[in-house]
Amino acid sequence: MPPASPTADGSTSHTTPVHPPLGEQPITVVLPADFAAFCQLHHEIYQHFAQQLLANHHTAADAVQRALGDLAASWTQALAGHRTTAIAWQALTRRIRRAHTPASTPASALYSLVPAAEADAAVLHRLLGLSITSTADTLGTETTTVTSLLATFDRRLAAEKAAALRACWRAATHRCRVHVTHRSGLPSGLPTATNL
């Protein structure tokens with residue numbers, strides 16, 4: 001995160017230098033302190049989620065950066081809305097869909113087999129190991145909604161004709177374990193999915 005500086009009202013903001021073409025004056029973009037704090041709070045989870053859905057690490061990082069850029073452009077409106085985290089989640093998933101490549105991951109294949117809300121909850125809670133409360137906060141919804149989404153996902157998974165979904169889920173959980181084991185993919189503060 002760029003360095004913080006005090007503003008006229010006593011709060012802090014973050015500045016980001018923008019380098020224009022040669023011969024032009026540099027431009028400094030000042031980000032609101034609450035936006036910078038939001039990014040620090042959610043960036044790692046967004047990054048790990050994007051890596052589960054996009055095969056390429058750099059593509060995932062770019063999708064997250066662009067989503068946060070989209071959010072920055074409408075930050076005032078996002079803060080005025082009912083659920084800022086829900087608006088941010090929509091920006092992230094929109095950017096991930098745009099970045100999706102034919103070299104998809106098993107987790108991304110879930111989205112063709114179950115509704116996106118169920119897949120989001122399953123990936124965050126079961127693959128990344130977030131608590132129900134953290135999953136709800138990340139999605140910008142209630143814990144009861146997340147619990148219901150996971151229960152519906154489990155029923156689909158247990159259905160007799162869900163062989164494709166079960167195979168996809170096994171591949172996604174295997175990829176998550178390998179990714180975490182071999183690349184230390186999750187930060188120490190973010191638990192891994194151990195009881196799948």
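A: Glu118 is buried, with a relative accessible area of 5%, where buried means under 20%, exposed over 50% and partly exposed in between (1.4 Å probe, protein chains only). The model is predicted, so local features need pLDDT of at least 70 and side-chain atom pairs count only at pLDDT 80 or more, while totals for chains, interfaces and linings use all residues. Residues are numbered from 1 along each chain as its sequence is written, and side-chain values use heavy atoms, with hydrogens and water left out.

Glu118 forms a salt bridge with Arg156 at 2.7 Å, N to O; the term denotes a side-chain nitrogen of Lys or Arg within 4 Å of a carboxyl oxygen of Asp or Glu. Because Glu118 belongs to helix α6 (residues 116-127) and Arg156 to helix α8 (residues 143-158), this pair ties together parts 38 residues apart in sequence. Helices (H or I) are DSSP runs of at least four residues, numbered from the N terminus. Arg156 is partly exposed, at 33%.

A salt bridge also joins Asp154 and Arg126, at 2.8 Å from N to O. Asp154 lies in helix α8 and Arg126 in helix α6, 28 residues apart, and the pair links distant parts of the chain. Here Arg126 is buried, at 19%, whereas Asp154 is partly exposed, at 32%.

Asp62 and Arg66 form another salt bridge, with their closest N and O atoms 2.8 Å apart. These two residues are 4 residues apart in helix α2 (residues 57-73) and are therefore separated by about one helical turn. Asp62 is partly exposed, at 34%, and Arg66 is partly exposed, at 44%. The whole structure contains 5 salt bridges.
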